[in-house]
Amino acid sequence: MSADTTQARPPRAKVLIASLTGSTIEWFDFFLYGTAAALVFDELFFPSDDPFVSLMLSYLTFSLTFFIRPLGGVVFSHIGDRIGRKRTLIITLSLMGGATMLIGLLPTYDTVGILAPVLLVVLRIIQGMGIGGEWGGALLLAYEYAPENRRGLFGSVPQMGITSGMLLASLALTGMSLLPDDQFEAWGWRLPFVASVLLVLLGLWIRSGIDETPSFAKAKKEGDVAKLPVVETFRFHWRAVLVAVGAKVVETAPFYIFGTFVVSYATGTLSFDNTTVLNAVTIGAMVATVCIPISGRLSDTFGRRRVYLAGAVLLALFIAPYFLMLGTGDTFMLVLATIIGLGVLWAPITATIGTLCSEIFSTRVRYTGVTLGYQIGAALAGGTAPLIATWLLSRFDESWVPVAGYLVFTAVVSILAVSLARRASNAEGRHLPTGVDTRADA
């Protein structure tokens, strides 16, 4: 048996656990901040005479990370395509986890004044750098170990980390929100941030026992490693990058509306209580966590693009009913709307996006390509979504119609982009340097 064959037969269950665990921790840290930004950070770090201004500033720090993520993606995907996936994932997890723990120890504006939001922004930048390189590595850890006929299923596993992390964050803050308001604002919100260091140590321990992926190990052995992955990506794969950016738009904007913006919208405009809304998001995340691997497996049978496009079209059609259901003021309708939007219709989109994007980039620049597409798309449509939705509500007298129009627009962009995926991949294949492979079998 050759060395390559030996490398290609790792314990796949362990690989999937490593991919899922790290991804869950990263997104737990990330959503912990997003939920806290909607609940308490506006008052603790950005106090002002106008609550709307405070909330917008709080959401602005949430959005900031998305514009840092592409920079982190460039830095760490370069390391991932040059040195390896495994080492990169250990660095990104350490950055994200360390910054999250320190956020839980920060003094507030009442204690140190303007220094408090400054320190918060610095730690948010560090978080953004870490998560910018994390997703691509976690995805490729699963994808490059997968059997050829199960790439959709394997590629969906790290996506489960998004909702798993969201679930843990919601559960943590829901438990803390049961405290009296003064205790929650004083110290209750801090506990999940500080305690996350335990999850980070667990993730580092699991990832340290994983070998390099077979695809990268083979490429490195054959000397098929890009010297400047980002340059080669933009030179030969720019069309595929645009497809990946477009695919990310409807995967990210509705998600942050269903999972983050809804907290402030439902509690502020519709007068639901915090616990009710957080419970609805928690249930929706639980359903999505189950539906994601099912959708990934379906993509192995019916194709990545078909499953993705079906989810995008159905999601676009559901936007108006979603807001109408919330507007009834009924708790059951709130929960049902969140389950349908976040749990069922969003799942096939996020389950397939990683594998779909991986298959249009060659191994030598795959980390860079999928990361750039994903993080640029997230910057354009992810972190800005709660900010845009909050502004639209204020600008149009708390009408949800403009917000719905914005979300339908994101779906249209992604549908057009993914419809062009195969054409973009074939175009790159005709212009690649000699010896470079391309995959467009989605």
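Biologist: Before we start, what do you mean by buried, exposed and partly exposed?

Modeller: A residue counts as buried under 20% relative accessible area, as exposed over 50%, and as partly exposed in between. Please also keep in mind that this is a predicted model.

Biologist: Understood. Into which class does L115 fall?

Modeller: L115 is partly exposed, because its relative accessible area is 43%. This leucine lies in helix α6.

Biologist: Which surface patch includes L115?

Modeller: L115 belongs to a nonpolar patch on the surface.

Biologist: Let us turn to charge. Which residues gather in the patch of negative charge?

Modeller: E43, D181, D182 and E185 form that patch on the surface. Helix α8, residues 181-188, gives the most to it, with three residues.

Biologist: Take D182, then. Is it buried or exposed?

Modeller: D182 counts as exposed, because its relative accessibility is 55%. The residue is found in helix α8.

Biologist: How many salt bridges does the structure hold?

Modeller: The structure holds five. One of them joins R366 and E144, with the closest N and O atoms 3.2 Å apart.

Biologist: Where do R366 and E144 lie, and how far apart are they in sequence?

Modeller: R366 lies in helix α17 (residues 366-381), while E144 is in the loop between α6 and α7 (151-177). The pair therefore ties together parts that are 222 residues apart in sequence.

Biologist: Are R366 and E144 buried or exposed?

Modeller: Both of these residues are buried.

Biologist: What about the salt bridge of E251 and K248?

Modeller: The side chains of E251 and K248 meet at 2.4 Å, N to O. The two residues are three apart in helix α12, so about one helical turn separates them. E251 and K248 are both buried.

Biologist: And with which residue does R304 form a salt bridge?

Modeller: The side chain of R304 meets that of D300 in a salt bridge of 2.9 Å, N to O. Salt bridges that share partners join D300, R304 and E359 into one network. R304 itself counts as buried, because its relative accessibility is 5%.

Biologist: Where is S271, and is it buried or exposed?

Modeller: S271 sits in the loop between α12 (238-269) and α13 (274-302). With a relative accessible area of 63%, S271 is exposed.

Biologist: What is the phi of D397, and where is that residue?

Modeller: D397 has a positive phi of about 55°, although it is not a glycine. Its place is in the loop between α18 (384-395) and α19 (401-419).

Biologist: Why does D397 count as exposed?

Modeller: D397 is exposed because its relative accessible area is 71%, and the class requires a value over 50%.

Notes. Residues numbered from 1 in each chain as written. Predicted model: local features only at pLDDT ≥ 70, side-chain atom pairs only at ≥ 80, totals over all residues. Heavy atoms only, no water. Patch = residues over 30% accessible without salt bridge, like charges linked within 9 Å, V, L, I, M, F, W, Y side chains within 5 Å. Areas by Shrake-Rupley, 256 points an atom, 1.4 Å probe, with all protein chains shown as cover. Salt bridge = Lys/Arg side-chain N within 4 Å of Asp/Glu carboxyl O. Helix = DSSP H or I, 4+ residues; strand = E, 2+ residues; numbered from the N terminus. Buried < 20%, exposed > 50% of the residue type's maximum accessible area, 1.4 Å probe, protein only. Lys, Arg positive; Asp, Glu negative; His and termini not counted. Charge placed at Lys NZ, Arg CZ, Asp CG, Glu CD.
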